[in-house]
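Here are some notes to read alongside the model. Have the sequence and the 3D view open as you go through the points.

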Amino acid sequence: MTELANRIAADITCLDIDKLRATLVSTVGAHCDVWQSPGYSDTRKAEYQRDYIVKHHTMACSYRELVYYQRDYRLLKESLQDIIPETLYVRARVDGVANVLVVTDAYKPWFNLANPAIEEEALPLLRKLTKAQEQLKRFVDCAMEWLKQDRVIDLYGLDNLVLDTNQEVKYLDSFEVFF
């Protein structure tokens with residue numbers, strides 16, 4: 001890979017792209033490109049580094065839309081707590097256009113829990129994982145409450161609701177999470 005292949009392929013005003021190593025993780029989402037980065041390589045010792053996900057909206061995003069995304073994140077975080085990664089929404093210019101950038105802790109998905117094709121494999125595993133069972137129950141209970149309020153949570157995206165490699169349930173979507 002060339003040196004440029006390990007950089008976010010966008011000009012983002014609040015990030016020093018030249019120092020931020022990143023690998024493209026996904027372009028299949030309806031709303032964003034997703035990059036994973038180990039953080040700034042020359043400013044932190046390896047034992048203190050955290051992997052981050054950097055998402056930037058692929059279309060122009062108004063300030064009003066950003067407010068809605070932040071409101072939905074606060075609702076998710078309040079209700080689902082540790083299922084929702086710590087996330088920061090930032091108003092920035094991406095390739096010269098006012099937009100939104102999301103920076104969140106990285107998690108390594110193991111199973112896409114919303115995919116019925118993995119049910120035979122996931123259910124026996126989930127039976128052994130008490131914390132994951134509790135998290136999944138909390139997620140379903142919250143989703144049912146939101147449904148009563150005419151809000152449906154988005155499980156359609158690739159790896160929105162996952163069991164991660166730490167055997168915990170995580171909801172990883174950032175944009176337009178409710179229908």
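1. First, a term: a salt bridge is a side-chain nitrogen of Lys or Arg within 4 Å of a carboxyl oxygen of Asp or Glu. K131 makes one with D82, with the closest N and O atoms 3.9 Å apart. This pair links distant parts of the chain, K131 being in helix α3 and D82 in the loop between α1 and β4, 49 residues apart. (Helices, H or I with at least four residues, and strands, E with at least two, are DSSP runs numbered from the N terminus.)

2. Before going further, a word on the source: this is a predicted model, where local features need pLDDT of at least 70 and side-chain atom pairs count only at pLDDT 80 or more, while totals for chains, interfaces and linings use all residues. Residues are numbered from 1 along each chain as its sequence is written, and side-chain values use heavy atoms, leaving out hydrogens and water.

3. D82 also forms a salt bridge with R138, and here the closest N and O atoms are 3.0 Å apart. D82, K131, R138, E168 and K170 are linked in a network of salt bridges. As for cover, buried means under 20% relative accessible area, exposed over 50%, and partly exposed in between (1.4 Å probe, protein chains only). K131 is partly exposed at 41%, D82 is partly exposed at 27%, and R138 is partly exposed at 22%.

4. The structure holds 9 salt bridges. One of them joins D72 to R151, with 3.2 Å between the closest N and O atoms. D72 is buried, with a relative accessible area of 8%.

5. On to the rings: there are 3 aromatic pairs. Rings of Phe, Tyr and Trp (its six-membered ring) pair if their centres lie within 6.5 Å; planes under 30 degrees apart count as stacked, over 60 as edge-to-face and the rest as tilted. Y73 and Y89 form a tilted pair, 5.8 Å centre to centre with 55 degrees between the planes. Y73 sits in helix α1 (residues 63-80) and Y89 in strand β4 (residues 87-94), and both are buried. W110 and F111 have ring centres 5.3 Å apart and planes at 35 degrees, so that pair is tilted.

6. Finally, which residues does T104 touch, leaving aside its neighbours within four places in sequence? T104 is in contact (heavy atoms within 4.5 Å) with D51, Y52, I53, P85, E86 and T87. T104 lies in strand β5 (residues 97-105) and is buried at 7% relative accessibility.
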